Every structure is written in structure tokens, then in C-alpha cells.
Amino acid sequence: MLRVFICGAHSTGKTTLVNEVGKELNLHVEAEVARKVIRDLNLRREDFDPNSNPEKFEQLQEKILEAQSVVEKRNSRTGTSYIADRGIDPLVYALVYLGEDSMKKLLDLPTCKESINRYRNSLVFVVQPFPECLCPDHIRLVPKMDELREYTSKMEAVLQENEIPYTLIEVLNLKERVEIVKQKIMEYKAFTVTRTNKNVFVRDDWVHCDL
């Protein structure tokens with residue numbers, strides 16, 4: 001199976017990219033979990049403001065991680081290849097808004113450790129923010145470009161620290177973004193045999209979708 005995670009700050013066009021790649025490649029799409037968690041908990045934006053309610057903000061990131069893990073494990077059990085809106089993002093939100101100690105708490109969670117191991121064997125993309133994409137949704141925090149750039153920089157640092165390979169998408173044009181993701185999937189699919197010094201390992205979990 002293939003796992004593709006489109007990550008990055010909010011209001012960067014991730015959802016549009018996920019849906020477009022899913023449609024073009026006939027790949028199962030996993031919608032962003034965070035919105036559903038927020039709605040299920042009946043939270044208002046001010047309820048989890050990191051400045052006025054840091055504890056609630058941290059708890060929310062933990063719940064999002066847990067909900068994402070449930071989805072990831074379900075797809076692993078069924079062998080379903082998929083593209084997901086977000087991945088390691090809750091860790092980065094905790095780091096950016098609450099600091100390193102908060103992120104480390106989340107990193108110690110068993111579900112988080114399991115997810116990180118999955119991300120290491122997945123295709124991970126980080127979408128760079130552009131002012132043209134800014135659009136408040138009245139659910140999450142209102143974005144500012146400086147915050148989005150800081151988020152992206154720290155996300156790259158977190159991925160590197162946890163030895164998770166990733167591709168940075170630095171273009172705004174949707175077609176170009178889609179082509180970057182498709183190209184990486186094609187490369188991923190092409191390398192079905194990994195050679196070591198003495199042995200040949202054949203991977204049986206590559207993507208089965210229309211390329």
C-alpha cells in the first residue's frame with residue numbers, strides 16, 4: 001500500500017491538492033481529521049486559543065493525533081492506499097504555539113510513535129504558504145503569513161529531527177503542485193526492488209492506482 005501525507009500550515013491549499021491528486025490517480029482520500037474533531041467536541045475557536053487556553057489547545061492536538069492514528073491503522077489493516085490531508089501537523093502546532101515541552105509530551109504518546117514510524121515509510125509533502133491562499137474558515141485560528149512561514153520552517157525541522165523524508169512544494173500553481181506529487185508517486189512505484197549487498201528485497205505494498 002501507499003500512504004501520501006500532504007502537510008503544512010492551514011490556508012496553504014492542502015485540501016485542494018489532496019482532492020485533485022486523489023481524483024487524478026483514483027486514490028482514496030482521507031479528509032482532514034482536525035475539523036471533524038473540533039466539530040465533534042463542539043468547540044469554538046476561542047475555546048482552544050493557545051494564548052488564553054493552552055491546556056485545551058494541547059489536549060486538542062492530542063485528540064487529533066489519536067483520531068489520525070485510528071484512520072491510519074484502519075487503512076493499514078485493509079491495505080488501502082490513500083492520500084491524507086495532514087499528518088505530523090499536530091506536533092508542529094504544539095511546538096509553534098506552546099513550545100518544545102508540549103511537543104515532547106505528544107511525542108511520548110504511543111500513538112504518536114506509531115504514526116511517526118508510518119510517516120518514515122510514506123510519501124510526505126510540505127506545502128509552502130502563499131498570501132494568495134489565505135482564507136479564514138471561522139473554525140481554526142486566523143492565519144498570518146509570518147506565523148505560516150514559522151510553522152513551515154518548524155515543520156521541516158520536526159520532520160528532519162524524526163528522520164522523516166519529505167518533499168517541499170514551493171509553487172503556487174495547482175497543476176504544478178499536482179505534477180510534483182504525481183512524479184514522486186511514480187518514482188516511488190518504480191523502485192519496487194531495493195538491492196542490498198547480498199539480497200534483493202521486493203516490496204509488495206506499492207500503490208495500485210491509475211498513473
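Student: Which residues does P165 touch, if we leave out residues up to four places away in sequence?

Tutor: Leaving those out, P165 touches R120 and V124, where contact means heavy atoms within 4.5 Å. Please keep in mind that this is a predicted model, in which local features need pLDDT of at least 70 and side-chain atom pairs count only at pLDDT 80 or more, while totals for chains, interfaces and linings use all residues. Residues are numbered from 1 along each chain as its sequence is written, and side-chain values use heavy atoms, with hydrogens and water left out.

Student: OK, and where is P165 placed?

Tutor: P165 lies in the loop between helix 7 (145-161) and strand 5 (167-169); helices (H or I, at least four residues) and strands (E, at least two) are DSSP runs, numbered from the N terminus. The C-alpha atoms of P165 and L123 are separated by 7.6 Å, although these residues are 42 apart along the chain.

Student: What about N121, where is that found?

Tutor: N121 sits in the loop between helix 6 (110-120) and strand 4 (123-127). Not counting residues up to four places away in sequence, N121 touches R3 and Y188, and its C-alpha is 8.1 Å from that of I164, a residue 43 positions apart from N121 in sequence.

Student: Why is N121 called partly exposed?

Tutor: N121 is called partly exposed because its relative accessible area is 43%: buried means under 20%, exposed means over 50%, and partly exposed lies in between, using a 1.4 Å probe and protein chains only.

Student: How much of the whole protein is buried, then?

Tutor: Of the 211 residues of the protein, 47% count as buried.

Student: New topic: how do helix 4 and helix 7 cross?

Tutor: The axes of helix 4 (residues 89-98) and helix 7 come within 9 Å and cross at roughly 120°; these axes are lines fitted to C-alpha atoms over the stretch in contact, and angles run from 0 to 180 degrees between N-to-C directions. That angle makes helix 4 oblique to helix 7, because angles under 35 degrees count as roughly parallel, over 145 as roughly antiparallel, 65 to 115 as roughly perpendicular and the rest as oblique.

Student: Which residues make that contact?

Tutor: On helix 4 they are D89, V92, Y93, L95, V96 and Y97, and on helix 7 they are E147, E150, Y151, K154, M155 and V158.

Student: And how many helices and strands are there in the protein?

Tutor: The protein has eight helices and seven strands.
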